Amino acid sequence: MSSPSAVHRTGRLETYSYDDQIVRMFIVATIIWGAVAMLVGVTIAFQLATWKMNFGLQWITFGRLRPLHTNAAIFAFCGNAMFAGIYYSHQRLLKARLFNDVLSRIHFWGWQAIIVSAALTLPFGITRGKEYAELEWPITIAIAVIWVVFAVNFFGTLIRRRERHIFVAIWFYIATILTVAVLHIVNGLGLPVTIFKSYSVYAGVQDALVQWWYGHNAVAFFLTTPFLGLMYYFVPKAANRPVYSYRLSVVHFWSLVFIYIWAGPHHLLYTTLPEWVQTLGMVFSIALWAPSWGGMINGLMTLRGVWDKVRTDPVLKFMALALTFYGMATFEGPLLSIKSVNSIGHFTDWIPGHVHAGTIGWNYLLIAGILYYMVPKLWNTEIFSKKIANTQFWLATIGLALYYVSMVSAGITQSLMWRAIDVNGKLVYPNFIETVVKIVPMYWVRAFGGTFVFISFLLMTYNLFKTMNQGTIGEIEVFEAYALDDSSLEENAGHHRKLEGLPMVFAVLSLIAILVGSAIEIVPSLLSNQYITKIDAVKPYKPLELLGRDIYLREGCYLCHSQQVRPMAHEVLRYGKNSEAGEFIYDHPFQWGSKRTGPDLARIGGKYPNMWHYRHMINPRDVTPQSIMPIYKWLVEQKLDLSTLTKKLSVMKQLGVPYSDVDIASGVENAQAQAKLISADLMNQGVPKEVEDKELIALIAYLQRMGTDYGSLPVNK
Amino acid sequence: MNDKTDLHLEDDEKHILLDHKYDNIQELDNPLPSWWKLTFYLGIIFAIFYFILYSIMGAPSLRDDFKKEWAGIEELHEKFNRLNGKYDEVKMLAIIKDGGVKKGQVVFETNCIPCHKAKGIGDIGPNLTDEYWINSKGTVDTNYPVVFNGVPDKGMPTWSQTLSNDEIYQVVSYVQTLHNTHQPGGKDPQGNKVEDEVKK
């Protein structure tokens, strides 16, 4: 039944216009950064297929470039697209110009400056060492500030709206803005050492928990909810169809927002995170399946009756495929969260496969649809070439299919090889490299798939710039609408309908919805250490080891090597004793990693002689023929920087690492003495030149220490 | 603002069109799809039961499962070590007769050259072509346990975790052919000098 007839609006008639220029600016930025993000992505894909693509240059070696790719794809490409789409739709849905033109410009230029500063720091190894939160503290603060500018602009517009009720798209925008702020600030907390270096305030298990609460919800609230909001605006507009089900919007919005925030610990299954938190992460992920699919149903069913147009209209074509990939990825997510499935998929290429089904399949394709909708409207013209758009569509689809299929098969193949145990209780493939060599062909397929996607993006870039070129930015249109007064109130409105007329109350409620799960999962672990059994043998890092650890972070080792032996027979056989929570209490930040392109390193300490590491860093293939690891020869050329060591030790002390004042004061001396021992051993083995003041010595010190405090204790303690 | 739209509506939708309108977007009042509702409820019910079962009622944890799995593995290891690990002269002769040296060279080249280099001249690990030995006396019976058990403190892996018993015999027989060959470019001697003994 339809509700009572529309309210008759009275009151003051006002004129207004939209700030479309800011939308155009964000659109251009989206296109440029999207191309950059994909170019870097294709580069690192080839680097995995052949180590030679690292060119022996530290600034473009995989470990430095991968953070650049993820940050560019998420924050630069999807970020700018999100802002363009939100600023376009928000104004129209509220019949109001954006709150403040100056704030809009600060938002735009501030965000671009952040992206540029990311591009200028990550290749130099300036990183916090936390995935998707790599940017060092000054940039992290800048992101928070610009995000607040965005929020003020957004909520200011809401206050000045001329439409009483807020449409479902805006619900999703609200949840996005509030949650991203909470996530970014809590996970970003750190203590600075220098302008380019800080340490996370959390350590070990706690840092892991906060990081993946953030990391998972960066996917949820940066790549999913805002784009669901955009979908709710642009799909009905482009299809000229009513949204399929208002009731479904209500139920799936609240359930999605409430449940999503709990799911983070599914990134930490089988780790030393308390098991009840792992279980919560798993069960909420499964409960999340239906709420996620609510968005897909509402999107695809909105296309009911216009599927013939989907065949011909590039805008709808991209949107329909994006929704399909969204449905696929949000089914695969819960599946991968089931503990036993996760034990196979985790640390393998299945995960990048899954992620790209989301980022390419959902984000890129939806953004393509939205851009093809907005650009002709904002430049008063038609799409330059539907044919190019069609070619782009198929190239992207084929590229993504190659990407996904190669990664899933690589992941499952390698995982099965990792876990194969023979009748004698021994690993069938004890040499990790055997399992790598097997999947290198798949890395080539992925790289070419990625290249297809990149080329498809370049086609769109050309098509859109041509469209802009042939169009004109017309006169600014002026509209009329009644100012908001009591005449817009509906009689007999239901509860939720009333709530839609009270955006600030709506905002508070959605904030509460995401804070509940966050608080129950995270606060207990942060406030008390009772979940972590202390291990007396585990001592803080020696000064040289700490410096070595910072080099490990700088080079992005954690992007290919994990530091977590899961409680599984094949892992213990391969790597040594399974990890315990108490081993990581001095790890600011934790370095468990999420992918094993190379083997786990949690028990690397003492496994090989110093000389092995020396050879391995200069050329990994000297000790592991067929290794795909890049060379790190600059580590034997660059002098170790001792100048910040004292400061680093005292910052660690402030964070609760039990260094005494003497430890700190004698830190440099201590580091030099340890370096002397290691380099003497190397020279004894025939290393020709003096290496004792080089970075490699510190890295070796760290690697040789790793996992030994607890690992060397007798079993069955 | 132009409120005229050419909204595409199916016949069976006209009665459920809500009159909310946002920038001309309208919404239908379709009920929640029943299969969706079912999935939604089942997900929640599963979540509750699973959590109660594993985190409150104490169903076996991941670590419990692991303990059980590991006990089985240790049993297999004990059996393996009971049957292998002791040098057996008869077996060695049989292996050599079966082309053990040649096979051992393949094993050596796949597993040992990263540290001992081709022909055993030594790099990360010691030179195997001189008369100095660290952990053995350079004979097959004393080399066998070094390969089988490894010397983990000095970086020699426990090869019985990687290689089969036959492969260990093969590689030991190959290494024996390198002994005292003094290959050029070899690493400086390490360990104790062993006076020439009768080989094999």
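Helix α1 of chain A passes α15(A) in a left-handed crossing. In this predicted model, α1(A) covers residues 20–49, and its axis runs 8 Å from that of α15(A) at a packing angle of about 165°. Since angles over 145 degrees count as roughly antiparallel, α1(A) and α15(A) are therefore roughly antiparallel to each other. Sorted by class, the residues where α1(A) meets α15(A) comprise 18 nonpolar, five polar and one charged.

Chain A contains 26 helices and four strands. Its radius of gyration is 27 Å, close to the 27 Å that the globule rule gives for 717 residues, so chain A is as compact as a globular protein of that length. Along the principal axes, the C-alpha atoms of chain A occupy a box of roughly 90 × 50 × 50 Å.

Chain A is assigned two domains, with domain 1 spanning 19–522 and domain 2 spanning 543–711. Between the C-alpha centres of domain 1 of chain A and domain 2 of chain A there are 34 Å. The two domains of chain A touch through 45 residues of domain 1 and 49 residues of domain 2. On the domain 1 side, the elements of chain A that give two or more residues are the helices α2 (62–94), α6 (204–239), α14 (386–419) and α15 (432–470), together with the strands β2 (190–194) and β3 (197–200). This side of domain 1 of chain A holds 22 nonpolar, 15 polar and eight charged residues.

From α18(A), the residues A:Pro543, A:Leu544 and A:Leu547 meet A:Gly667, A:Asn670, A:Ala671, A:Gln674 and A:Ala675 of α24(A). This contact of α18(A) with α24(A) is made up of five nonpolar, three polar and no charged residues.

In the other pair, α20(A) and α24(A) also cross at roughly 80°, and their axes come within 9 Å. That angle makes α20(A) roughly perpendicular to α24(A). Here A:Asn610, A:Met611 and A:Tyr614 of α20(A) are in contact with A:Ile678, A:Asp681 and A:Leu682 of α24(A). The classes in the contact of α20(A) with α24(A) are four nonpolar, one polar and one charged.

Two loops of chain A carry backbone features that deserve a look. The loop between α19 (569–575) and α20 (610–618) of chain A contains A:Pro589; the peptide bond that joins A:His588 to A:Pro589 is cis, with omega near -10°. In the loop between α3 (101–121) and α4 (137–159) of chain A lies A:Tyr132. Although A:Tyr132 is not a glycine, it has a positive phi of about 65°.

Chain B is built from seven helices and two strands, arranged from the N terminus as α-α-α-α-α-β-α-α-β. The radius of gyration of chain B is 35 Å, whereas a compact globule of 200 residues would have one near 16 Å. The box filled by the C-alpha atoms of chain B comes to roughly 100 × 50 × 35 Å along the principal axes. Here too the assignment gives two domains, domain 1 at 11–56 and domain 2 at 89–193 of chain B. The C-alpha centres of these two domains of chain B are 68 Å apart.

Finally, the two chains meet. Their contact draws 58 residues from chain A and 49 residues from chain B. On the chain B side, α1 (34–56), α2 (62–83) and α5 (113–116) are the elements that give two or more residues. Of these, α1(B) gives the most, with eleven residues. By class, the side of chain B that touches chain A divides into 27 nonpolar, 13 polar and nine charged residues.

Terms used. Residues numbered from 1 in each chain as written. Chains lettered and ligands numbered in written order. Predicted model: local features only at pLDDT ≥ 70, side-chain atom pairs only at ≥ 80, totals over all residues. Contact = placed C-beta atoms within 7 Å. Nonpolar A, V, L, I, M, F, W, Y, C, P; charged D, E, K, R; others polar. Domains from an automatic or database assignment. Axes fitted to C-alpha atoms, helices over the stretch in contact; angles between N-to-C directions. Parallel < 35°, antiparallel > 145°, perpendicular 65-115°, else oblique. Left-handed = near helix turned anticlockwise from the far one by under 90°. Rg over C-alpha atoms; globule rule 2.2 N^0.38 Å.
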